[in-house]
Amino acid sequence: MILAVTGGKGGVGKSTVAYNLAAELDGVVVDGDLAMADLPAGHGPDLHDVLAGRATVHEAVRPDGPVTTVPCGRTLAGARAADPRALTDALATLDRTYRWVVVDSPAGLRADVGLPLTVADAAVVVTTPSTAAIADALRVRELARELDAGLCRVVLNRTGSDPATRPVADRFGAPVVTIPDSDALATAQRHGVPVRQTAPDSRARGAFEELAAAVYDCSSV
Amino acid sequence: MVTLDCTTSHHDEVTLVTLRLRDLDAPTRVTVRNCLDGPVWPPRREGLPVTGWTEAGFEGVVGPGDHALGYATPASPADPPAVLDDVTPAPDADGTPSESATDVVRDLGDPSPPADAVPAGAATTDAESRDTDADPSESAPATPRSRADGRTPAVVEPWLEAMTARVEVAESLADADTLPAATAAVREAGGLAEVRALAASGAADERRLREVARRAETLANRRAAATVPVETLARIA
């Protein structure tokens, strides 16, 4: 199952959610941010090479990290040489091997956001409680709807202790999972490990377990 | 009865062809073929031809009513510029094809960074860009580069060329095993005095070349190991 983690606005925590969700699901996370990759990379061919026809997507899979990852290159030249249209085939290929393919989508509303949504079975929209983030997330929700990627959950990230989820759920028309502001999560992400490894009993970990369970439910519908 | 009206206008060596499909009363698959003696330049969005346009013309399902189509071509105008090749009722098609990857790029825009954003010379660095975070022991000897790929800096090139010339002269002197060949090689080298000087500097040349190679190798390894954390620095800046 291909799951697009998307959100519209930059800096709302899409990569963190994608990475930790893939960890909970024991799936593969694909760094779909072709121009500004931010998942841990390492050595070997990456998604730019795959999209430029220099490597197969399986060659770009890094199975040895804490989470199986398909990293993306970090150069503008690499991003320019890549054909974004090849992304749909690459994701479909991974989908035949892995039970869960989680795509970390970039910010914005261009084709690199739309392409994963065309092949995705479901979308998880990430937003913070700020008005600007919610407005962008609603735009992405519309795009996901046009491209037939069902909205599985809205992730309300960096909430306070008692967030008002009801109005958000009403506006998006989907259930909300909240992830509290968490030092444990921020530290884990900075070190390139999922929070389940560094702080398995934290509230943030609990939120990702809840999100993973919700994604399981979406997949069985 | 479907009719096709064509008009053309010619500006600056380019013919613009305007087509009007009239009186369609149901969804219909139409094939419009260019008759002008030149390639079809179809309308494009985000650099990709609009759905339905091919090298020969337009083929696609259009809904009821009137429709306008248009393309450009470098050919001279003629009459007719295009003809309606085929008209087939397509009652089941709703005229909105499913979204392919190309459609998505066309609709939402190519996300690739613009050419101006890519630093000059970076276009050839597909392999090099990866070397910055690659294993140094792997990147040095395992990837023999052609000269065009890893260009030597302009300041180093003249010295390397001079050294290459001396090595070549020394090689031809060493290879000369007949009297005529030896005579020719000595004349080529600039006389016996030059040959003596060349022989005397052999060890020094070799030492200097090896020293440069060693320093370049060490620097290459250090450069490969030092990944510049642009994202982190940008975040704290």
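Entry 1. I listed the buried residues of α10(A) and found A204(A), R205(A), A207(A), F208(A), L211(A), A212(A), A214(A) and V215(A). I note at the outset that the model is predicted. I then looked up the extent of the helix: α10(A) covers residues 203-220 of chain A, 18 residues in total. From its first C-alpha to its last, α10(A) reaches 26 Å, close to the 26 Å expected at 1.5 Å a residue.

Entry 2. I turned to T16(A), which lies in helix α1 of chain A, residues 14-25. Is T16(A) buried or exposed? Its relative accessibility is 16%, and because buried means under 20%, T16(A) counts as buried. I next looked up its contacts, leaving aside neighbours within four places in sequence, and recorded L185(A), Q189(A) and F208(A). Of these, F208(A) is also among the buried residues of α10(A).

Entry 3. The crossing in which α4(B) passes α7(B) is left-handed.

Entry 4. Which residues of α4(B) and α7(B) meet? From α4(B), I noted W159(B), M163(B) and R166(B); from α7(B), D205(B), R208(B), L209(B) and V212(B). By class, the residues of this contact divide into four nonpolar, three charged and no polar.

Note on methods:
Residues are numbered from 1 along each chain as its sequence is written. Chains are lettered from A and ligands numbered from 1 in the order in which they are written. This is a predicted model: local features need pLDDT of at least 70, side-chain atom pairs count only at pLDDT 80 or more; totals for chains, interfaces and linings use all residues. Side-chain values use heavy atoms; hydrogens and water are left out. Helices (H or I, at least four residues) and strands (E, at least two) are DSSP runs, numbered from the N terminus. The expected span of a helix is 1.5 Å times one less than its number of residues. Buried means under 20% relative accessible area, exposed over 50%, partly exposed in between (1.4 Å probe, protein chains only). Contact means heavy atoms within 4.5 Å. A crossing is left-handed if the near helix is turned anticlockwise from the far one by less than a right angle, and right-handed if clockwise. Ala, Val, Leu, Ile, Met, Phe, Trp, Tyr, Cys and Pro count as nonpolar, Asp, Glu, Lys and Arg as charged, and the others, Gly among them, as polar.
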